[in-house]
Number of protein chains: 2
Amino acid sequence: MTFSLTILGSNSAIPTLTRNPSAHLLNVNERLYLIDCAEGTQLQIRKFHVHFQRVQRIFISHLHGDHFFGLIGLLNSLHLLGRKEELHLYGPPLLKEILDLQMEASQTTLNYPLFFHPLSFSRYEMIYENEKVTVHSFPLLHSVPTCGFLFREKIQERRIRKDLLAELKIPIAEMQNLKKGEDYVDEQGRVFKNEEITLDPPSPRSYAYCSDTAYTEAILPFIRECDLLYHETTFMQNMAANAKEKQHSTTIEAATLAKKANVKKLLIGHFSARYDDLQPLLEEARSVFPETIIAEDGMSINI
Amino acid sequence: MTFSLTILGSNSAIPTLTRNPSAHLLNVNERLYLIDCAEGTQLQIRKFHVHFQRVQRIFISHLHGDHFFGLIGLLNSLHLLGRKEELHLYGPPLLKEILDLQMEASQTTLNYPLFFHPLSFSRYEMIYENEKVTVHSFPLLHSVPTCGFLFREKIQERRIRKDLLAELKIPIAEMQNLKKGEDYVDEQGRVFKNEEITLDPPSPRSYAYCSDTAYTEAILPFIRECDLLYHETTFMQNMAANAKEKQHSTTIEAATLAKKANVKKLLIGHFSARYDDLQPLLEEARSVFPETIIAEDGMSINI
């Protein structure tokens, strides 16, 4: 099952010709989830060859412009390009008002159903689930109400050992029970323990998105053990005071959280425009948490 | 004196990797006027090496997204990049409400004074003037209130013939009078007619911007004889019915207006995304008005 992330924007507030502000695209089992949507995201989607009518749900972390100014344009283009399929949007309540006002101004009635789901920003809560994945939001620590998102695969069924399928002549009708963990009794009455003839399902993968936020250990329970943690690192450690004042994080702070949460991999991004060379940020983060990688526009990561 | 236009976006509603939606940048005597501001305009400004803090006034023709979705991001970036100089914005009254709501949502107070000038959309009126230029708005015919803009140089002073300056020993104190058209009487009482010793000023140049609009001869008095007319040509003539329904124009319609208005040059743009090859649109327009050119992102025109 696909569980991969594409970076559509890796910069903080101001777009440059090589780095757009925040937007991440998560593909879970060929369903696309867009997380934040800075100005120009629709062009990034096009540039990186994503079929953007496939986006099914959009999650907006907060109402700073570098996280949502591209949303209205994307919704409009989906409309103009003939979308009929419903789209679900999760974000701060005020976001709906902002969109409605602009739709009203342009006398636009979208051709597709847009469902808006307001987020609470006050607690960890499940905001969506389907048969493959759950999505939770949790509060971050920033100058306006902001939340992170946790995407977690559901535990899949056990896998029947292919080498035994023919040998034991397991009837199709029995297979679902085996996948659910039941033992198997054949026609001769022989009992096979489930763990003898099935394999553990792959461990469920998870992706946590934390942008923007000051350092806060309050998020540790939500990001613990996740496969990939995206955590903003607007600044290097020598600007820790600045980071604190602006309620952003440093490389060392993000790496410390990654270490404490025992995540598998840390992805850093949302870099201040003052940094032309990002290698020092990567090295600083790796000094605390070696399994750190750096976000670049257009890169894809199989989680 | 500089009077030049740079195309920042030449497409209609949907941005592509080579054509952004509407935004024009007019340089009059090194003052920059931005006309419309589609999503991504701030990146276009950067791409085409314009120093965007020099933009002094922004004119928004109407509230369809492909003409203003980039405005909030541009205003925000100017703020983040430390602008202190005042900025003047002209547009539909509802635009201010849209901007205010987004500023409120992000808890942003701009570091620079932003003056909003609501447009009436009901008549030809002067909306700005300085010592070099006047700007008028005039109503267009579209599905939401929309206006065109006419930028016209003021008539400059007469120019004293350099070859006579030394010969006649004209005192500096007299020069302003000569430039204003007065005759010159020298110390011996000889009278020189103004037209003998001065040259006509260069004829004032003008640029008219008409997007979006159905064909309407009501605009002829405003665009007559202008040096450069930008008129949208969303469609070719075989889609005239479609153009009419959507209140857009065809190549033939724009060229017909250019001809009737006796303008010097016609610039066409705002092309429907259905046209990959724009040469047929150019040829069709030229069949009626040969002095037609086609807008391309990044092109500059000395008017």
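Helices here are DSSP runs of H or I with at least four residues, strands are DSSP runs of E with at least two, and both are numbered from the N terminus. By that count, chain A has ten helices and 18 strands.

A word on the ground rules. This is a predicted model, where local features need pLDDT of at least 70, side-chain atom pairs count only at pLDDT 80 or more, and totals for chains, interfaces and linings use all residues. Residues are numbered from 1 along each chain as its sequence is written, while chains are lettered from A and ligands numbered from 1 in the order in which they are written.

**Chain A overall**

The C-alpha trace of chain A spans about 70 × 50 × 35 Å along its principal axes. Of the 303 residues in chain A, 43% are buried. A residue counts as buried if 20 or more other C-beta atoms lie within 10 Å of its own, exposed if 12 or fewer, and partly exposed in between, with C-beta atoms placed from the backbone. Two residues are in contact if their C-beta atoms, again placed from the backbone, lie within 7 Å. Take the contacts in chain A with a separation of 6 or more: 64% of them come from residues 24 or more positions apart.

**The core**

In soluble globular proteins, nonpolar side chains tend to be buried together. A nonpolar core is a set of buried Ala, Val, Leu, Ile, Met, Phe, Trp, Tyr and Cys residues joined through C-beta atoms within 7 Å. The largest one here has 142 residues, and the members that touch the most others are L229(A), L266(A), L229(B) and L266(B). If you click on L229(A) and skip residues up to four places away in sequence, you'll find it touching A208(A), I223(A), A258(A), A261(A), V263(A), L266(A) and L267(A).

**Helix α3 and the partner chain**

Helix α3 of chain A runs over residues 93-105. Its 13 residues reach 19 Å from first C-alpha to last, close to the 18 Å expected at 1.5 Å a residue; the expected span is 1.5 Å times one less than the number of residues. Its buried residues are L95(A), I98(A), L99(A), Q102(A) and A105(A). Looking down the axis of α3(A), these fall within an arc of 125°, so they line one face of the helix. That arc is taken from the directions from the helix axis to the C-beta atoms. The cover over the buried residues of α3(A) includes α2 (71-80) and β5 (87-91) of chain A, along with α3 (93-105) of chain B. Just after α3(A), Q107(A) has a positive phi of about 50°.

Now for the contact between the chains, which takes 31 residues from chain A and 31 residues from chain B. On the chain A side, the elements giving two or more residues are α1 (41-47), α2 and α3. The top contributor is α3(A), with six residues. By class, the chain A side has 15 nonpolar, twelve polar and four charged residues. Here Ala, Val, Leu, Ile, Met, Phe, Trp, Tyr, Cys and Pro count as nonpolar, Asp, Glu, Lys and Arg as charged, and the others, Gly among them, as polar.

How are the two copies related? A rotation of 180° with 0.1 Å of shift along its axis superposes chain A on chain B, with an RMSD of 0.1 Å. The copies are thus related as by a two-fold rotation axis. In chain A, the C-alpha nearest that axis belongs to G40(A), 2.8 Å away. The superposition is by least squares on the C-alpha atoms of residues with pLDDT of at least 70 in both copies. Also, 100% of the interface residues of chain A are interface residues in chain B too, so the copies meet through the same surface.

Most residues other than glycine have a negative phi, and most peptide bonds are trans. Here are some spots to check by eye.

| Spot | Value | Loop |
|---|---|---|
| S211(A) to D212(A) | cis, omega near -5° | D212(A): between β14 (206-210) and α7 (220-223) of chain A |
| S211(B) to D212(B) | cis, omega near -5° | D212(B): between β14 (206-210) and α7 (220-223) of chain B |

D36(B) counts as buried, with 29 C-beta neighbours inside 10 Å. H270(B) is buried as well, with 28.
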